[in-house]
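I opened this entry to keep track of what I looked up, topic by topic.

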Amino acid sequence: MEQLGRALLETVQKDDPEPFLEALEGAEVSPEDANRFLEALRIQREKRRISEETLRVIEDTLSEVLEPEERGILEPDPLAEYAGVDRILGTIMTGKEADVLLAERDGEKVALKVYRAYTGYEERYEERIYRVEGGEVRRIRRGDAALREFSRLRRAYEAGVKVPEPYDARPGLIVMKYIPGEPLHRAPDLDDPRSVLEDLLNQVVRLAVDAELVHGDLSAFNILVGDDGTPYIIDLSEAVKVKEPGAFETLQRDVKNLVSFFERKYGVSADVDEVVERVRRGVYGTDCGRR
């Protein structure tokens, strides 16, 4: 499997199926391994790192080692059924509290944020089924953290903030629009970093003034740069109401984190205090200070 893994990496780097196909010759590949390879390649295709042709050639080859019911993600998938999607395509990213998965629903790619453990404030919780990596199914405790975040996402989206459009939610899970891209901290160099920073700061102000929310954990890890260069704010699990005690201190920290990143990586900056003051005027004064 190690040799196949190296060959798969070469196939992705070259966008050429031949390195992987050559390594497959004479190799014993289980249906489970074949599914894992396909899942990895589908994610790379969604990120536009390989062509549709490369993916199709390898899919056709690997399908020979799969029984009909095993082609694609393992079926039946309890998580897909619970989320109301047709199938799970793979993992986009993993975090301490949740995984973000790529799924398909009615022919559309969607993103699922699945909380892996109970992380909410509520004392009550519910038992739900979650398919963990490798197809293992187990029961875990889930609170309403997902429902709270969904409410904040919807509030931000309706206020015009650039966040993934939230579609649906249930305890432990959010279904939202899939946006191909990379987190800011590992995104390719920006063509116009100053413009992106200004855009993000305007979104922070809009989030606070129009949606009445402060992100609470804003950093380069919680900014998604779409393939078209548009920056999106993601992960509102720590968001607080702008008029809560301590919210402006949290806002100042968020803005400082963002500005500091752009200073270090791109050499562009902004006045942190001026951004915070724009929010203060917008929340408590008649002059919202927004552009």
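My notes on the sheets, the helix packing and the pocket follow.

I am working from a predicted model.

**Five-stranded sheet.** I traced the strand order first. It reads β1-β2-β3-β7-β6, an open sheet of 5 strands with antiparallel pairing. Which strands stand at the edges? I found β1 and β6 (166-170) there. Each has a single partner strand, so one side of each is left without a neighbour in the sheet.

I then checked β6 against β7. They run antiparallel and are joined by 4 bridges. R170 has L173 in β7 as its bridge partner.

**Three-stranded sheet.** I moved on to the open sheet of 3 strands, ordered β8-β10-β11, with antiparallel pairing. Its edge strands are β8 and β11 (231-233), each pairing on one side only. Here neighbouring strands are turned by 30 degrees against each other on average, direction ignored.

How many bridges pair β10 with β11? I have 3 for strand β10 (residues 223-226) and β11, in the antiparallel sense. Within β11, Y232 is the bridge partner of L224. Helix α7 packs on this sheet, touching β10 and β11. The direction of α7 makes about 30 degrees with that of β11.

**Helix pair α7 and α8.** I looked at α7 (residues 193-209) again, now with α8 (residues 247-266). Their axes come within 11 Å and cross at roughly 175 degrees. α7 and α8 are therefore roughly antiparallel to each other.

Which residues meet? From α7 I list P193, V196, L197, L200, L201 and V204. From α8 I list L251, V255, L258, V259, F262 and Y266. The contact divides into 12 nonpolar residues, no polar and no charged.

**Largest pocket.** The largest pocket holds about 810 Å³ of space. I count 34 lining residues, and M93, V100, N222, I234 and D235 are the closest to its centre. Elements giving two or more residues to the lining are β1 (87-94), β2 (98-105), β3 (108-115), α6 (145-158), β7 (173-177) and β8 (181-183). By class, the lining residues are 15 nonpolar, 7 polar and 12 charged.

Note on methods:
Residues numbered from 1 in each chain as written. Predicted model: local features only at pLDDT ≥ 70, side-chain atom pairs only at ≥ 80, totals over all residues. Heavy atoms only, no water. 1 Å grid on protein atoms, 1.4 Å probe; cavity = no way out; pocket = protein on both sides within 12 Å on 5 of 7 lines; lining within 4 Å. Points joined across faces, edges and corners; volume = space filled by probe spheres on them. Nonpolar A, V, L, I, M, F, W, Y, C, P; charged D, E, K, R; others polar. Pairing = 2+ DSSP bridges. Axes fitted to C-alpha atoms, helices over the stretch in contact; angles between N-to-C directions. Parallel < 35°, antiparallel > 145°, perpendicular 65-115°, else oblique. Contact = heavy atoms within 4.5 Å.
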